[in-house]
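Q: Hi, I'm new to this one. Can you walk me through it?

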Amino acid sequence: MSHLKDAIDERRDQLITLTQDLIRIPTLNPPGRHYRDICEYLEARMSPQGWRCELVRAHGSPGDCEEFPRWNIIARRQGARPGDCVHFNSHHDVVEVGHGWSRDPFGAELDGDRIYGRGACDMKGGLAASIIAAEAFVATHPGHAGSIEISATADEESGGYGGVAHLAGQGAFAHVDHVIIPEPLHKDRICLGHRGVWWAEIETHGRIAHGSMPFLGDCAVRHMGAVLAEMEAALWPLLAGKHTEMPVIPEGARSSTLNINSIHGGAVEQAADYTGLPAPCVPDRCRIVIDRRFLIEEDLAEVKAEIAALMERVKAQRPSFRYEIRDLFEVIPSMTDKEAPVVRTTAAAIRDVLGREAGYVVSPGTYDQKHIDRIGKLKNCIAYGPGVLDLAHQPDEWIGVQDMSDSAKVMALVLEDLLTGS
Ligand SMILES: [Zn+2]
(Lines give C-alpha, C1' and ligand atoms only; values in the text may rest on other atoms or scores of the structure.)
Protein backbone atom coordinates (compact mmCIF):
# COMPACT_ATOMS: atom_id res chain seq x y z
CA MET A 1 0.00 0.00 0.00
CA SER A 2 2.75 2.45 0.87
CA HIS A 3 4.58 1.70 -2.39
CA LEU A 4 1.42 2.86 -4.16
CA LYS A 5 1.67 6.22 -2.36
CA ASP A 6 5.39 6.32 -3.20
CA ALA A 7 4.50 5.74 -6.85
CA ILE A 8 2.32 8.87 -6.74
CA ASP A 9 5.09 10.89 -5.06
CA GLU A 10 7.55 9.74 -7.75
CA ARG A 11 5.16 11.11 -10.38
CA ARG A 12 4.90 14.63 -8.91
CA ASP A 13 6.66 16.28 -11.85
CA GLN A 14 4.51 14.34 -14.29
CA LEU A 15 1.40 15.44 -12.41
CA ILE A 16 2.46 19.09 -12.74
CA THR A 17 3.34 18.78 -16.43
CA LEU A 18 0.15 16.93 -17.27
CA THR A 19 -1.98 19.56 -15.50
CA GLN A 20 -0.14 22.37 -17.28
CA ASP A 21 -0.54 20.69 -20.68
CA LEU A 22 -4.28 20.28 -20.14
CA ILE A 23 -4.75 23.91 -19.03
CA ARG A 24 -2.81 25.13 -22.09
CA ILE A 25 -5.42 23.59 -24.40
CA PRO A 26 -8.11 26.33 -24.20
CA THR A 27 -11.27 24.22 -24.32
CA LEU A 28 -13.61 27.18 -23.95
CA ASN A 29 -17.34 26.56 -23.70
CA PRO A 30 -19.10 28.36 -25.26
CA PRO A 31 -18.51 27.84 -28.09
CA GLY A 32 -16.69 24.52 -27.56
CA ARG A 33 -13.11 25.06 -28.73
CA HIS A 34 -10.29 22.50 -29.03
CA TYR A 35 -12.35 19.54 -27.83
CA ARG A 36 -10.74 17.29 -30.43
CA ASP A 37 -7.27 18.58 -29.49
CA ILE A 38 -7.61 17.67 -25.82
CA CYS A 39 -8.98 14.21 -26.69
CA GLU A 40 -6.05 13.61 -29.07
CA TYR A 41 -3.60 14.78 -26.42
CA LEU A 42 -5.00 12.24 -23.96
CA GLU A 43 -5.04 9.49 -26.57
CA ALA A 44 -1.37 10.17 -27.38
CA ARG A 45 -0.50 9.85 -23.70
CA MET A 46 -2.55 6.78 -22.83
CA SER A 47 -2.59 4.58 -25.96
CA PRO A 48 1.13 3.72 -25.80
CA GLN A 49 0.62 2.55 -22.19
CA GLY A 50 -1.96 -0.02 -23.26
CA TRP A 51 -5.15 1.97 -22.78
CA ARG A 52 -7.74 1.37 -25.51
CA CYS A 53 -8.92 4.84 -26.45
CA GLU A 54 -12.19 5.65 -28.15
CA LEU A 55 -13.00 9.13 -29.41
CA VAL A 56 -16.73 9.76 -29.62
CA ARG A 57 -18.36 12.76 -31.25
CA ALA A 58 -21.85 13.65 -30.02
CA HIS A 59 -23.29 14.35 -33.46
CA GLY A 60 -26.36 16.55 -33.36
CA SER A 61 -26.07 17.47 -29.68
CA PRO A 62 -26.68 21.15 -28.78
CA GLY A 63 -23.83 23.24 -30.21
CA ASP A 64 -22.32 20.40 -32.26
CA CYS A 65 -21.27 21.64 -35.71
CA GLU A 66 -18.34 21.26 -38.10
CA GLU A 67 -16.57 24.25 -36.55
CA PHE A 68 -17.16 23.15 -32.94
CA PRO A 69 -17.65 19.38 -32.87
CA ARG A 70 -18.48 17.82 -29.50
CA TRP A 71 -15.65 15.29 -28.95
CA ASN A 72 -15.28 12.98 -25.97
CA ILE A 73 -12.70 10.34 -25.10
CA ILE A 74 -13.00 7.12 -23.11
CA ALA A 75 -9.73 5.34 -22.28
CA ARG A 76 -10.09 1.78 -21.04
CA ARG A 77 -7.65 -0.64 -19.47
CA GLN A 78 -8.63 -4.24 -19.05
CA GLY A 79 -7.16 -6.12 -16.09
CA ALA A 80 -5.73 -9.65 -16.03
CA ARG A 81 -8.86 -11.25 -14.57
CA PRO A 82 -12.57 -10.53 -14.18
CA GLY A 83 -13.71 -7.91 -11.70
CA ASP A 84 -15.43 -4.57 -11.26
CA CYS A 85 -15.16 -1.63 -13.63
CA VAL A 86 -14.13 1.68 -12.03
CA HIS A 87 -14.79 4.77 -14.14
CA PHE A 88 -13.34 8.26 -13.58
CA ASN A 89 -15.26 10.94 -15.45
CA SER A 90 -14.00 14.50 -15.89
CA HIS A 91 -15.37 17.22 -18.10
CA HIS A 92 -12.72 18.77 -20.31
CA ASP A 93 -14.56 22.04 -21.09
CA VAL A 94 -13.91 25.28 -19.22
CA VAL A 95 -15.99 28.45 -18.84
CA GLU A 96 -15.11 31.83 -20.31
CA VAL A 97 -12.13 33.69 -18.85
CA GLY A 98 -13.93 36.87 -17.68
CA HIS A 99 -12.14 39.92 -16.28
CA GLY A 100 -9.80 40.46 -13.36
CA TRP A 101 -6.94 38.05 -14.07
CA SER A 102 -3.39 38.81 -12.92
CA ARG A 103 -2.02 35.67 -14.67
CA ASP A 104 -2.24 34.32 -18.19
CA PRO A 105 -5.48 32.27 -18.07
CA PHE A 106 -3.98 29.63 -20.37
CA GLY A 107 -0.34 29.98 -19.29
CA ALA A 108 -0.58 27.32 -16.55
CA GLU A 109 2.00 29.19 -14.49
CA LEU A 110 3.44 27.27 -11.54
CA ASP A 111 3.98 29.55 -8.53
CA GLY A 112 4.94 27.79 -5.32
CA ASP A 113 2.39 25.01 -4.82
CA ARG A 114 -0.17 26.51 -7.16
CA ILE A 115 -0.84 26.11 -10.88
CA TYR A 116 -2.91 28.97 -12.28
CA GLY A 117 -5.31 28.96 -15.19
CA ARG A 118 -8.88 28.71 -16.37
CA GLY A 119 -10.01 25.19 -15.61
CA ALA A 120 -7.12 24.52 -13.19
CA CYS A 121 -9.50 23.59 -10.39
CA ASP A 122 -12.67 23.00 -12.46
CA MET A 123 -11.51 20.47 -13.41
CA LYS A 124 -8.31 19.74 -15.28
CA GLY A 125 -6.47 19.29 -11.97
CA GLY A 126 -8.93 16.55 -11.07
CA LEU A 127 -8.58 14.92 -14.49
CA ALA A 128 -4.77 14.95 -14.15
CA ALA A 129 -4.96 13.50 -10.61
CA SER A 130 -7.18 10.62 -11.78
CA ILE A 131 -4.81 9.79 -14.67
CA ILE A 132 -1.73 9.80 -12.44
CA ALA A 133 -3.63 7.69 -9.86
CA ALA A 134 -4.54 5.12 -12.51
CA GLU A 135 -1.05 5.04 -14.02
CA ALA A 136 0.59 4.57 -10.61
CA PHE A 137 -1.88 1.84 -9.72
CA VAL A 138 -1.34 -0.04 -12.99
CA ALA A 139 2.46 0.22 -12.61
CA THR A 140 2.35 -1.24 -9.10
CA HIS A 141 -0.45 -3.79 -9.73
CA PRO A 142 -0.05 -4.96 -13.35
CA GLY A 143 -2.07 -8.10 -12.66
CA HIS A 144 -5.10 -6.28 -11.24
CA ALA A 145 -8.66 -7.51 -11.69
CA GLY A 146 -11.53 -5.81 -13.49
CA SER A 147 -11.03 -2.70 -15.56
CA ILE A 148 -10.38 1.01 -15.27
CA GLU A 149 -11.91 3.68 -17.45
CA ILE A 150 -11.02 7.36 -17.69
CA SER A 151 -13.29 9.62 -19.67
CA ALA A 152 -12.88 13.28 -20.55
CA THR A 153 -16.17 14.67 -21.74
CA ALA A 154 -17.62 17.76 -23.36
CA ASP A 155 -20.07 20.43 -22.34
CA GLU A 156 -20.59 19.83 -18.62
CA GLU A 157 -20.66 23.59 -18.20
CA SER A 158 -23.62 23.81 -20.58
CA GLY A 159 -25.61 20.81 -19.39
CA GLY A 160 -23.52 17.84 -20.52
CA TYR A 161 -25.74 16.87 -23.47
CA GLY A 162 -22.80 16.58 -25.85
CA GLY A 163 -20.82 14.76 -23.16
CA VAL A 164 -21.93 12.42 -20.40
CA ALA A 165 -25.62 12.47 -21.44
CA HIS A 166 -24.63 11.35 -24.95
CA LEU A 167 -22.31 8.60 -23.73
CA ALA A 168 -24.85 7.40 -21.16
CA GLY A 169 -27.49 7.28 -23.90
CA GLN A 170 -25.19 5.02 -25.91
CA GLY A 171 -24.86 2.63 -22.98
CA ALA A 172 -21.35 3.66 -21.97
CA PHE A 173 -22.15 3.06 -18.28
CA ALA A 174 -24.01 -0.25 -18.68
CA HIS A 175 -20.99 -2.33 -17.60
CA VAL A 176 -19.60 0.22 -15.10
CA ASP A 177 -19.78 -0.57 -11.37
CA HIS A 178 -18.30 2.55 -9.71
CA VAL A 179 -18.04 6.15 -10.89
CA ILE A 180 -15.89 8.93 -9.44
CA ILE A 181 -16.22 12.43 -10.87
CA PRO A 182 -13.12 14.45 -9.80
CA GLU A 183 -14.92 17.80 -9.49
CA PRO A 184 -13.23 20.25 -7.07
CA LEU A 185 -15.03 19.41 -3.82
CA HIS A 186 -11.84 19.34 -1.73
CA LYS A 187 -9.59 16.36 -1.07
CA ASP A 188 -11.26 15.34 2.21
CA ARG A 189 -14.90 15.53 1.12
CA ILE A 190 -17.17 13.14 -0.73
CA CYS A 191 -19.99 14.69 -2.71
CA LEU A 192 -22.98 12.38 -2.76
CA GLY A 193 -25.15 14.26 -5.23
CA HIS A 194 -27.02 17.47 -5.88
CA ARG A 195 -30.34 19.28 -5.44
CA GLY A 196 -32.98 19.30 -8.17
CA VAL A 197 -33.61 22.07 -10.71
CA TRP A 198 -36.70 23.42 -12.41
CA TRP A 199 -36.33 26.30 -14.85
CA ALA A 200 -39.49 27.81 -16.23
CA GLU A 201 -40.60 30.89 -18.11
CA ILE A 202 -43.64 32.69 -16.79
CA GLU A 203 -45.37 35.08 -19.15
CA THR A 204 -48.14 37.52 -18.26
CA HIS A 205 -50.45 38.77 -21.00
CA GLY A 206 -52.03 42.19 -21.44
CA ARG A 207 -53.24 44.34 -24.34
CA ILE A 208 -51.22 46.92 -26.28
CA ALA A 209 -52.43 50.55 -26.39
CA HIS A 210 -51.01 54.07 -26.63
CA GLY A 211 -48.84 54.96 -23.63
CA SER A 212 -50.69 58.26 -23.17
CA MET A 213 -53.95 56.37 -22.62
CA PRO A 214 -52.89 53.31 -20.61
CA PHE A 215 -56.47 52.84 -19.39
CA LEU A 216 -57.32 51.66 -22.94
CA GLY A 217 -54.78 48.84 -22.69
CA ASP A 218 -53.82 46.27 -20.10
CA CYS A 219 -50.26 46.41 -18.79
CA ALA A 220 -48.52 43.01 -18.69
CA VAL A 221 -45.70 44.49 -16.55
CA ARG A 222 -48.16 45.50 -13.83
CA HIS A 223 -49.55 41.97 -13.87
CA MET A 224 -46.02 40.65 -13.43
CA GLY A 225 -45.54 43.12 -10.59
CA ALA A 226 -48.47 41.48 -8.85
CA VAL A 227 -46.87 38.04 -9.41
CA LEU A 228 -43.59 39.25 -7.89
CA ALA A 229 -45.41 40.81 -4.94
CA GLU A 230 -47.16 37.50 -4.27
CA MET A 231 -43.78 35.73 -4.45
CA GLU A 232 -42.33 38.17 -1.90
CA ALA A 233 -45.28 37.80 0.42
CA ALA A 234 -45.88 34.08 0.21
CA LEU A 235 -43.32 32.10 -1.79
CA TRP A 236 -39.91 33.02 -0.38
CA PRO A 237 -41.05 32.58 3.23
CA LEU A 238 -42.50 29.19 2.28
CA LEU A 239 -39.25 28.08 0.58
CA ALA A 240 -37.05 29.33 3.41
CA GLY A 241 -39.05 27.14 5.77
CA LYS A 242 -38.30 23.93 3.84
CA HIS A 243 -35.20 22.20 5.18
CA THR A 244 -33.41 19.15 3.88
CA GLU A 245 -31.58 16.25 5.41
CA MET A 246 -29.16 16.45 2.44
CA PRO A 247 -25.75 17.79 3.64
CA VAL A 248 -25.79 20.59 1.05
CA ILE A 249 -22.95 23.10 1.05
CA PRO A 250 -22.97 26.01 1.57
CA GLU A 251 -25.38 25.90 4.51
CA GLY A 252 -27.74 28.47 2.94
CA ALA A 253 -28.60 25.97 0.21
CA ARG A 254 -30.09 23.51 2.74
CA SER A 255 -33.45 25.15 2.08
CA SER A 256 -35.40 25.38 -1.14
CA THR A 257 -34.34 28.38 -3.22
CA LEU A 258 -35.73 30.40 -6.09
CA ASN A 259 -33.86 32.85 -8.27
CA ILE A 260 -35.42 35.08 -10.89
CA ASN A 261 -32.87 34.78 -13.67
CA SER A 262 -34.32 37.47 -15.91
CA ILE A 263 -37.26 39.78 -16.44
CA HIS A 264 -38.42 41.45 -19.55
CA GLY A 265 -41.47 43.41 -20.67
CA GLY A 266 -42.30 45.94 -23.35
CA ALA A 267 -40.01 47.25 -26.13
CA VAL A 268 -36.73 45.39 -26.58
CA GLU A 269 -33.89 47.24 -24.89
CA GLN A 270 -31.00 48.12 -27.19
CA ALA A 271 -32.51 46.31 -30.16
CA ALA A 272 -30.62 46.52 -33.44
CA ASP A 273 -33.02 49.19 -34.71
CA TYR A 274 -33.08 51.13 -31.42
CA THR A 275 -32.87 54.85 -32.14
CA GLY A 276 -32.75 56.36 -28.69
CA LEU A 277 -36.38 56.73 -27.64
CA PRO A 278 -38.75 53.83 -27.14
CA ALA A 279 -42.26 53.91 -28.58
CA PRO A 280 -45.01 54.90 -26.12
CA CYS A 281 -46.85 51.62 -25.76
CA VAL A 282 -48.55 49.69 -23.02
CA PRO A 283 -46.60 46.39 -22.91
CA ASP A 284 -48.75 43.41 -23.76
CA ARG A 285 -46.24 40.74 -22.67
CA CYS A 286 -43.93 40.38 -19.68
CA ARG A 287 -41.69 37.37 -19.02
CA ILE A 288 -39.56 36.12 -16.20
CA VAL A 289 -37.33 33.05 -16.08
CA ILE A 290 -37.31 31.35 -12.70
CA ASP A 291 -34.62 29.00 -11.40
CA ARG A 292 -36.10 26.84 -8.66
CA ARG A 293 -33.72 24.50 -6.78
CA PHE A 294 -35.46 21.78 -4.85
CA LEU A 295 -34.72 19.17 -2.23
CA ILE A 296 -34.78 15.40 -2.23
CA GLU A 297 -37.77 15.60 0.14
CA GLU A 298 -39.75 17.55 -2.50
CA ASP A 299 -41.50 16.20 -5.54
CA LEU A 300 -41.13 17.99 -8.91
CA ALA A 301 -44.91 17.91 -9.48
CA GLU A 302 -45.40 19.55 -6.08
CA VAL A 303 -42.79 22.23 -6.92
CA LYS A 304 -44.64 23.06 -10.14
CA ALA A 305 -48.02 23.00 -8.38
CA GLU A 306 -46.78 25.62 -5.90
CA ILE A 307 -46.16 28.08 -8.74
CA ALA A 308 -49.43 27.21 -10.47
CA ALA A 309 -51.32 27.86 -7.23
CA LEU A 310 -49.53 31.19 -6.79
CA MET A 311 -50.54 32.27 -10.31
CA GLU A 312 -54.14 31.29 -9.62
CA ARG A 313 -54.17 33.37 -6.42
CA VAL A 314 -53.00 36.40 -8.41
CA LYS A 315 -55.61 35.69 -11.06
CA ALA A 316 -58.38 35.61 -8.49
CA GLN A 317 -57.56 39.21 -7.57
CA ARG A 318 -57.09 40.59 -11.10
CA PRO A 319 -60.05 40.20 -13.46
CA SER A 320 -58.13 40.50 -16.76
CA PHE A 321 -55.09 38.46 -15.67
CA ARG A 322 -53.90 35.81 -18.12
CA TYR A 323 -50.62 33.92 -18.05
CA GLU A 324 -48.61 30.99 -19.37
CA ILE A 325 -45.96 28.82 -17.69
CA ARG A 326 -43.45 27.06 -19.93
CA ASP A 327 -41.04 24.38 -18.72
CA LEU A 328 -37.46 25.01 -19.84
CA PHE A 329 -35.29 22.49 -17.97
CA GLU A 330 -35.58 20.05 -15.11
CA VAL A 331 -33.34 17.71 -13.14
CA ILE A 332 -34.47 15.63 -10.20
CA PRO A 333 -32.27 15.56 -7.08
CA SER A 334 -29.68 12.80 -6.86
CA MET A 335 -28.04 11.45 -3.73
CA THR A 336 -25.94 8.29 -3.50
CA ASP A 337 -26.35 6.18 -0.35
CA LYS A 338 -23.56 6.66 2.19
CA GLU A 339 -23.26 2.87 2.38
CA ALA A 340 -22.70 2.51 -1.40
CA PRO A 341 -19.41 0.69 -2.18
CA VAL A 342 -17.68 3.63 -3.87
CA VAL A 343 -18.54 5.90 -0.91
CA ARG A 344 -17.27 3.49 1.73
CA THR A 345 -14.09 2.76 -0.20
CA THR A 346 -13.34 6.44 -0.79
CA ALA A 347 -14.00 7.31 2.86
CA ALA A 348 -11.54 4.60 3.95
CA ALA A 349 -8.93 5.89 1.50
CA ILE A 350 -9.33 9.48 2.78
CA ARG A 351 -8.81 8.21 6.33
CA ASP A 352 -5.68 6.36 5.21
CA VAL A 353 -4.10 9.22 3.22
CA LEU A 354 -5.15 12.26 5.24
CA GLY A 355 -5.58 10.76 8.69
CA ARG A 356 -9.05 12.23 9.18
CA GLU A 357 -12.66 11.30 8.60
CA ALA A 358 -14.23 12.18 5.26
CA GLY A 359 -16.88 14.90 5.14
CA TYR A 360 -20.06 14.20 3.21
CA VAL A 361 -21.56 16.98 1.12
CA VAL A 362 -24.20 17.59 -1.51
CA SER A 363 -23.79 20.19 -4.23
CA PRO A 364 -26.25 23.11 -4.43
CA GLY A 365 -26.14 22.94 -8.24
CA THR A 366 -26.12 19.97 -10.58
CA TYR A 367 -23.27 18.35 -12.46
CA ASP A 368 -22.87 15.30 -14.70
CA GLN A 369 -23.92 12.85 -11.97
CA LYS A 370 -27.51 13.56 -13.06
CA HIS A 371 -26.95 11.83 -16.41
CA ILE A 372 -25.13 8.87 -14.88
CA ASP A 373 -28.01 8.44 -12.43
CA ARG A 374 -30.98 8.98 -14.75
CA ILE A 375 -29.77 7.88 -18.19
CA GLY A 376 -27.01 5.52 -17.10
CA LYS A 377 -29.14 4.08 -14.25
CA LEU A 378 -26.06 3.85 -12.04
CA LYS A 379 -26.46 4.90 -8.40
CA ASN A 380 -22.96 4.03 -7.22
CA CYS A 381 -21.50 7.43 -8.18
CA ILE A 382 -19.81 10.28 -6.30
CA ALA A 383 -17.89 13.45 -6.98
CA TYR A 384 -14.47 13.43 -5.35
CA GLY A 385 -11.51 15.53 -6.39
CA PRO A 386 -8.91 18.16 -5.46
CA GLY A 387 -9.48 21.88 -5.43
CA VAL A 388 -11.47 24.59 -3.72
CA LEU A 389 -14.99 24.77 -5.15
CA ASP A 390 -15.26 28.52 -4.57
CA LEU A 391 -12.41 29.15 -7.05
CA ALA A 392 -14.34 27.57 -9.92
CA HIS A 393 -15.21 30.08 -12.66
CA GLN A 394 -13.29 32.88 -10.80
CA PRO A 395 -10.37 35.01 -12.04
CA ASP A 396 -6.92 33.64 -11.06
CA GLU A 397 -8.35 30.15 -10.64
CA TRP A 398 -5.70 27.75 -9.32
CA ILE A 399 -5.12 24.19 -8.18
CA GLY A 400 -2.75 23.11 -5.43
CA VAL A 401 -0.13 20.51 -6.38
CA GLN A 402 -0.18 18.93 -2.92
CA ASP A 403 -3.98 18.68 -3.03
CA MET A 404 -3.80 16.96 -6.42
CA SER A 405 -1.14 14.59 -5.15
CA ASP A 406 -3.14 13.72 -2.01
CA SER A 407 -6.34 13.13 -3.91
CA ALA A 408 -4.46 11.04 -6.50
CA LYS A 409 -3.33 8.85 -3.59
CA VAL A 410 -6.93 8.52 -2.43
CA MET A 411 -8.06 7.55 -5.94
CA ALA A 412 -5.22 5.04 -6.31
CA LEU A 413 -6.15 3.43 -2.97
CA VAL A 414 -9.75 3.20 -4.15
CA LEU A 415 -8.54 1.29 -7.21
CA GLU A 416 -6.41 -0.95 -5.03
CA ASP A 417 -9.35 -1.71 -2.77
CA LEU A 418 -11.85 -2.34 -5.55
CA LEU A 419 -9.61 -4.10 -8.06
CA THR A 420 -7.24 -6.21 -5.97
CA GLY A 421 -9.38 -7.02 -2.94
CA SER A 422 -6.47 -6.30 -0.65
ZN1 LIG B 1 -16.81 21.31 -13.20
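What follows is a short chat about the domains, some helix packing and a few backbone details.

Q: What kind of model is this?
A: This is a predicted model.

Q: Which domains does the assignment give?
A: The domain assignment gives domain 1 as 2–194 + 334–420. Domain 2 is 196–268 + 275–331.

Q: And how far apart are the C-alpha centres of domain 1 and domain 2?
A: Those centres lie 37 Å apart.

Q: How many residues does the contact take from each domain?
A: Seven residues come from domain 1 and nine residues from domain 2.

Q: Which element gives the largest share of the domain 1 side?
A: Strand β14, residues 359–363, gives the largest share, with three residues. By class, the domain 1 side that touches domain 2 has five nonpolar residues, one polar and one charged.

Q: New topic, helices. How do α2 and α4 cross?
A: First, the general idea. Two packed helices are described by the angle between their axes and the distance between the axes.
A: Helix α2 covers residues 12–23 and helix α4 covers residues 120–140. Their axes come within 9 Å and cross at roughly 135 degrees. So α2 and α4 are oblique to each other. The crossing of α2 and α4 is right-handed.

Q: Which residues in α2 meet α4?
A: Gln14, Leu15, Leu18, Thr19, Leu22 and Ile23 do, on the α2 side. On the α4 side they meet Ala120, Lys124, Gly125, Leu127, Ala128, Ile131 and Ile132. This contact of α2 with α4 divides into nine nonpolar, three polar and one charged.

Q: What about α2 and α10?
A: The axes of α2 and α10 come within 11 Å and cross at roughly 110 degrees. That makes α2 roughly perpendicular to α10. The crossing of α2 and α10 is right-handed.

Q: Which residues make that contact?
A: From α2, the contact uses Arg12, Leu15, Ile16 and Thr19. From α10, it uses Val401, Met404, Ser405 and Ala408. The classes in the contact of α2 with α10 are five nonpolar, two polar and one charged.

Q: Where is Leu418?
A: Leu418 is in helix α10, residues 401–420.

Q: Is Leu418 buried or exposed, and why?
A: Leu418 counts as buried because it has 22 C-beta neighbours inside 10 Å. The cut-off for buried is 20 or more.

Q: What is Leu418 in contact with, leaving aside neighbours within four places in sequence?
A: Asp84, Val86, His178 and Thr345.

Q: How far is Leu418 from Ala128?
A: Leu418 and Ala128 are 290 residues apart in sequence. In space they are 21 Å apart, C-alpha to C-alpha.

Q: Switching to the backbone. Is the peptide bond from Asn29 to Pro30 cis or trans?
A: The bond from Asn29 to Pro30 is cis, with omega near -5 degrees. Pro30 sits in the loop between α2 and α3 (35–46).

Q: And what about Asp122 to Met123?
A: The peptide bond from Asp122 to Met123 is cis too, with omega near -5 degrees. Met123 is in helix α4.

Q: What is the phi of His34?
A: His34 has a positive phi of about 60 degrees, although it is not a glycine. His34 is in the loop between α2 and α3. With 19 C-beta neighbours inside 10 Å, His34 counts as partly exposed.

Q: Last one. What is phi of Lys377?
A: Phi of Lys377 is near 60 degrees, a positive value in a residue other than glycine. Lys377 lies in the loop between α9 (369–374) and β15 (381–383).

Q: Is Lys377 buried or exposed?
A: Lys377 counts as exposed, because it has 10 C-beta neighbours inside 10 Å.

Note on methods:
Residues numbered from 1 in each chain as written. Predicted model: local features only at pLDDT ≥ 70, side-chain atom pairs only at ≥ 80, totals over all residues. Domains from an automatic or database assignment. Contact = placed C-beta atoms within 7 Å. Helix = DSSP H or I, 4+ residues; strand = E, 2+ residues; numbered from the N terminus. Nonpolar A, V, L, I, M, F, W, Y, C, P; charged D, E, K, R; others polar. Axes fitted to C-alpha atoms, helices over the stretch in contact; angles between N-to-C directions. Parallel < 35°, antiparallel > 145°, perpendicular 65-115°, else oblique. Left-handed = near helix turned anticlockwise from the far one by under 90°. Buried ≥ 20, exposed ≤ 12 C-beta atoms within 10 Å, placed from the backbone.
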